[in-house]
Amino acid sequence: MKYAKIAGLGKYLPPKILTNRDLEKIVDTSDEWITTRTGIKTRHIASKKDSASTLALPAAKLALKRAGLKPKDLDLIIVATITPDRQFPSTACYLQDYLKADTVACFDIAAACSGFIYALVAAQGLIESGIFKNALVVGSEVLTKITDWDDRSTCVLFGDGAGAAVLTSGRKKSLLSSSLGGDGSYGELLLLPAGGSRIPASKETVKNKLHFVKMKGNELFRLAVRIMVNAAESALEKAHLKSSDVDILAPHQANIRIINAVASRLKLTEDKVYLNIGRYGNMSSASSAVALCEAWEEGKIKKDSIVVLDAFGGGLVWGSLVIKWV
Ligand code: ACO
């Protein structure tokens, strides 16, 4: 039996930083409101010429370098994104071209903030079934390009960035268990209304700002904690582990209050929860990818550490993945 393992991690954050003070000049908000209600202080903003693929590229290169692999070694590329370069071709195809990887399998996954976890689990299945050997999985988002900068209830939340993982096959089981779920009946709580086949782009959709994120934050908040706790507990149970076995939780970074409530219900102390929401805001699929990468860079993940990824987002979709670091 071959098992998938994470052999390298990478990240990329575009250099431009937008502070809460900057936002005070754009909408009726305050540093105090944003800090206390969300935990966010700054977020990174992609340049005009950037897209999901251009942010993905440096993150992917770093993950490959750390894994000791070349792009030619890859036989699968998955990009998790809800801000793809285009509806098609897939962002994974652009990334394949930029990397000069072989003409391997490339596809995108649209699972919002849970996208990176969904993509890791998909890659794991394809590796452990023997179909592929080396996979690149990237969560990359340019949320600020689908943000309504007149809407203070959303524009203070989002940021841009990318995180990447290279998966290879090994002898020891490392991705121990996962719990993925979805419930389309809550789809209206968080969506980008137009631009797809249901409401194609038109002058009207542009005028009515239907190409920007619409979110019922309050209602999502109430669901988020229960969903994330259930997902993590279910994944841990499948691995025959308890939350007291967890060394580090690298959660989706949507709101510090959500993360703290999840940690408290899982009885995890502060030192076991990785936080970067203050610096980056919510980067959807890139959030847990960058959190995992930074937790590793900062030495919080060592051999045999039990690492839990946990996310929820628009769909609704959610996912948790338990990893024993090898
Ligand atoms: N600055 C100042 N005041 C604001 C701002 C702002 N930026 N935004 C909203 N307010 C006001 C509201 O207008 C409201 O005022 P009112 O009481 O006079 O009507 C008040 O603050 C409270 O608004 P709420 O929406 O109730 O604020 P809440 O405490 O719920 O925080 C937030 C809002 C931060 C959005 C929170 O609900 C949240 O984090 N929700 C979850 C978001 C999430 O997890 N999304 C899913 C993942 S994202 C993805 O999938 C891409």
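**Exercise 1.** How many salt bridges are counted between domain 1 and domain 2?

*Solution.* Begin with the basis of the values. This is a predicted model, in which local features need pLDDT of at least 70 and side-chain atom pairs count only at pLDDT 80 or more, while totals for chains, interfaces and linings use all residues. Residues are numbered from 1 along each chain as its sequence is written, and side-chain values use heavy atoms, with hydrogens and water left out.

Step 1: find the domains. Domain 1 covers 3–172 and domain 2 covers 176–324; such bounds come from an automatic or database domain assignment.

Step 2: apply the criterion. A salt bridge is a side-chain nitrogen of Lys or Arg within 4 Å of a carboxyl oxygen of Asp or Glu.

Step 3: count. Between domain 1 and domain 2 there are five salt bridges. Lys-11 pairs in a salt bridge with Glu-294, where the closest N and O atoms are 2.9 Å apart.

**Exercise 2.** Describe the contact between domain 1 and domain 2.

*Solution.* Step 1: take the distance and the residues. The C-alpha centres of domain 1 and domain 2 are 14 Å apart. To their contact, domain 1 gives 47 residues and domain 2 gives 47 residues, contact meaning heavy atoms within 4.5 Å.

Step 1: take the area. About 3700 Å² is buried between domain 1 and domain 2, with 62% of it on carbon and sulfur atoms. Buried area is the accessible area (1.4 Å probe) that two parts lose on being put together, summed over both.

Step 2: look at the side of domain 1 that touches domain 2. Among the elements that each supply at least two residues to this side are β1 (3–12), α2 (31–38) and α5 (115–128). Helices (H or I, at least four residues) and strands (E, at least two) are DSSP runs, numbered from the N terminus. The largest share of this side, six residues, comes from α5.

**Exercise 3.** Which residues are closest to the ligand?

*Solution.* Step 1: list them. The ligand is surrounded by 26 residues, and the closest are Thr-29, Arg-37, Cys-113, Asn-218 and Asn-255; a residue is near a molecule if one of its heavy atoms lies within 4 Å of it.

Step 1: A polar side-chain atom of Arg-37 is 2.7 Å from an oxygen atom of the ligand, and a polar side-chain atom of Trp-33 is 3.4 Å from an oxygen atom of the ligand. A polar backbone atom of Arg-152 lies 2.8 Å from a nitrogen atom of the ligand.

Definitions and conventions:
A polar contact is a pair of N or O atoms within 3.5 Å; within protein, one must be able to donate a hydrogen and the other to accept it, and residues adjacent in sequence count only if both atoms are side-chain atoms.
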